[in-house]
Amino acid sequence: MPDSESKLVSSHEVVVNRTSDLSEMKIPAEKRSAEKRTVTHIEKNGYPDSIYINAAKIFQGIHTEKSKDRMLVQYGNNSESPMMAFKDEHSRRVSYELAFNALKYQDLLEQILLDSSAYPCYSIVNRKFQERKIFDEDELVAEVQEVGQYLYSYRTKLAAALARCRIKHDALSIEYFVPETIWKQEQRASALPVCVWINTFKISLEDVIKDLEMKGLTKVESVSDFDHYTFAVDQHCHDVLVFPSSLREELLNLDLFADCKLLLQDKSRSLAVHSAQALLSEGGDIIAAHVGSHLTIAHMSVLTNHSMSTIFVCGVKSSAREELRNSFSHMGCENIQLLHEDFTELEPTDRRLEKAKVILLLPQCSGLGVGNPMEFILSENRDAGLLQDLFQGFVSEDKLSILAERELNELIHALKFNKVQAIVYCTCSVYPEENELVVKKALESGVEGDKARRYRLIPSVFSTCFNSEASTEMFFKMEPSEISSGCFLAVLQREKNTSKKVSAKDILASAAAKGLLDGIVEEKPKEEVKKQKVKRRRRKVTASDSKPKAAKLLHRQTGANVKAEVSVSKAASKIQEKH
């Protein structure tokens, strides 16, 4: 692996730890708290060598590429995706945190490495490191040891270089060198309430509340009432509890989490799952287009426990199959079937999916709306490139175009499943190109498998606009803030089949039962009724045999029903008019 990767990651640890006394100067409270959060990511005693190796590989793929005239440090070739294996979840998390910290301070690290003359180091640069295996925690890696010892020998010069850099920029703390977009995002992440959903396979809402209250927590009405040891039931999802961010570490140590009775997950995923469950008919199955987080699939399983539904999860590779099954089994989930095919590889007529009524589509989006990017990457197994996008504050036009095209293709493919009745499309993106425009283009494509029953937008179960005719916004959206991550949710449902023929006899019988034909249809003598029965054997009664007044009544009723089913969304209305 390239030597400079290890150098930057390791130097970050040395510089931050050896100059902590310099950063204790009097600085604004909000800056100081942010700095402490950054520093505490790095433990004073360091980490096993294998973690530095993985962190360097991650950093190699996300570091900021600079033009040749501005390039201070050579990082080697990062054209190939590095292969990484983590001993456990803690090792994985720490590796990503180290890499992101190196990215945040890349400019600062480069300056002090050059100013201290620690870089370039030809005894290390000229060494040809070979690809090596992932080592056990206690095993030493020669290249990490050599770089660490070398930087330690420069510890005084590195500290002096950092001090000169801070004086030059009049920086009261190293947070000065963090881009404003990153600093603000980390402030939001630190204040974001902790959301957990209840695994009712193992415990009820009532029992969870009792357990928490016995531990000294108080249930309040909403997030606005939080006062440290408090919690609230989420306003949108009845099985989601919300806690102050300050309780995060204490919560994770509770036995409720160890036993998988409470599961920590971003609220946006719970919104998507509840939307899908609300659309599910009795006995219908669900297609989860992506694996994403296994917690999302498990939550769907819990909510559909009493409906005899099966959840088909697409794109599960053989290497992950056993681990997923063990995780689901540990949580008590049994109605899940794993499919190795990617969603777009599935045929809409696949016999395994004959009972599928709802598709849950959570595409791999840009993700810039998430409140905690690190958690999102780790829980959703997403590309570390999100950290790079977050660092620069936007997604490049080329990357956004690629993402939007892939999302559109997936949504169009979902429309082709004849027997599916509804689709839930949910992203964590802040870009209309991945949200409203994808939905609009998909609906305009006209690729629905059932041409007689096209899809239309409907309000989600969380919409505050229950009067659809008065609503102009059919999407559910939450903007990124200090109380929630960003979320976009669209619900597409097939129109009801109004073309089904109903006999005049059934129509009149229904109308008569409702008392709508008083004075319109007179009771006929028995002899005349017998004659009509004979005639019915000879010819088929049609709707045109009904009296004019009944026909007009039928027309009015049918028209009212059709009108009630028409979406009032501007986008949906235009689409329906077009078709």
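F488 is buried, at a relative accessible area of 1% (buried means under 20%, exposed over 50% and partly exposed in between, with a 1.4 Å probe and protein chains only). Y425 is likewise buried, with a value of 0%. The ring centres of Y425 and F488 lie 6.4 Å apart and their planes meet at 75°, so the pair is edge-to-face (ring centres of Phe, Tyr or Trp, the last by its six-membered ring, pair within 6.5 Å; planes under 30 degrees apart are stacked, over 60 edge-to-face and the rest tilted). This pair links distant parts of the chain, 63 residues apart: Y425 belongs to strand β10 (residues 422-427) and F488 to strand β13 (residues 487-494). Strands (E, at least two residues) and helices (H or I, at least four) are DSSP runs numbered from the N terminus. Ring pairs join Y425, F475 and F488 into a cluster.

The model is predicted: local features require pLDDT of at least 70 and side-chain atom pairs 80 or more, while totals for chains, interfaces and linings use all residues. Residues are numbered from 1 along each chain as its sequence is written, and side-chain values use heavy atoms, without hydrogens or water.

## Aromatic pairs in the whole structure

In one of them, F86 and Y96 have ring centres 6.3 Å apart and planes at 35°, so the pair is tilted. Y96 is buried at 8% relative accessibility, whereas F86 is partly exposed at 25%.

## Helix α17

Helix α17 (residues 385-392) is mostly covered, with 6 of its 8 residues buried. Just after α17, G393 adopts a positive phi of about 85°.
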